[in-house]
Amino acid sequence: FCIHVDGGAVAYVSRRMILKAVVKALEGSSPFYSFSSSDGLYVATGFVVVPLEDEIDEFTLLQATGSASMTKDGAEEAAADALIVAAKRDFGVVVDDFNFSNAEGLRKENESLRRKQN
């Protein structure tokens, strides 16, 4: 996920970082990944164990497979994105990307500082 800020700056927000926040909200396990490779491309499937609401010692496995990538890192990032989508679908998780508002705030602050210098 990329955030473009006026002036050409680009910030990359890892889907794995966003997934950490989703997993925390679900009180799930740390994500783990399984990889497969074919024709020089990697595909990752991500897994998270999530406790069921209102059930003691009952769990479900959230799993999702990402798109193919030329690197294991890219495949893991795609699987993290797929897990976020699955969490939205299966648990109603809403991801409010606070990173964009933070980047926008920094942009405005930088703009204000530039004006003061001139």
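In the predicted model, strands β4 and β5 (residues 59-65) pair in the antiparallel sense, with 7 bridges between them. Within this pairing, F47 has Q63 of β5 as its bridge partner. Strand β4, which spans residues 41-51, is also joined to strand β3 (residues 32-38), again by 7 bridges and with the two strands running antiparallel. Here the bridge partner of F35 is A44 in β4. The hairpin of β3 and β4 has 2 residues between the strands, and D39 in this hairpin adopts a positive phi near 55 degrees.

Helix α2 covers residues 72-91, a total of 20 residues. From its first C-alpha to its last, α2 reaches 27 Å, close to the 28 Å expected at 1.5 Å a residue. The buried residues of α2 are A75, E77, A78, A79, A80, A82, L83, I84, A86 and A87. An α-helix has 3.6 residues a turn, so residues three or four places apart point the same way. The residue that follows α2 is G92, with a positive phi near 70 degrees.

The whole structure contains 5 salt bridges. One of them is formed by the side chains of R15 and D81, with an N to O distance of 2.9 Å. This pair links distant parts of the chain, since R15 lies in helix α1 (residues 15-26) and D81 in helix α2, 66 residues apart. R15 has a relative accessible area of 18% and is therefore buried, the limit being under 20%. D81, at 29%, is partly exposed.

A salt bridge also connects the side chains of E77 and R16, at 2.8 Å from N to O. The relative accessible area of E77 is 9%, and E77 is buried. R16 is partly exposed, with a value of 22%.

The side chains of R89 and D90 form a further salt bridge, with an N to O distance of 2.8 Å. R89 counts as exposed at 59% relative accessibility, because the cut-off for exposed residues is over 50%. D90 has a relative accessible area of 44% and is partly exposed. Salt bridges with shared partners join R16, D73, E76 and E77 into one network.

Conventions: Residues numbered from 1 in each chain as written. Predicted model: local features only at pLDDT ≥ 70, side-chain atom pairs only at ≥ 80, totals over all residues. Heavy atoms only, no water. Pairing = 2+ DSSP bridges. Helix = DSSP H or I, 4+ residues; strand = E, 2+ residues; numbered from the N terminus. Expected span 1.5 Å × (residues − 1). Buried < 20%, exposed > 50% of the residue type's maximum accessible area, 1.4 Å probe, protein only. Salt bridge = Lys/Arg side-chain N within 4 Å of Asp/Glu carboxyl O.
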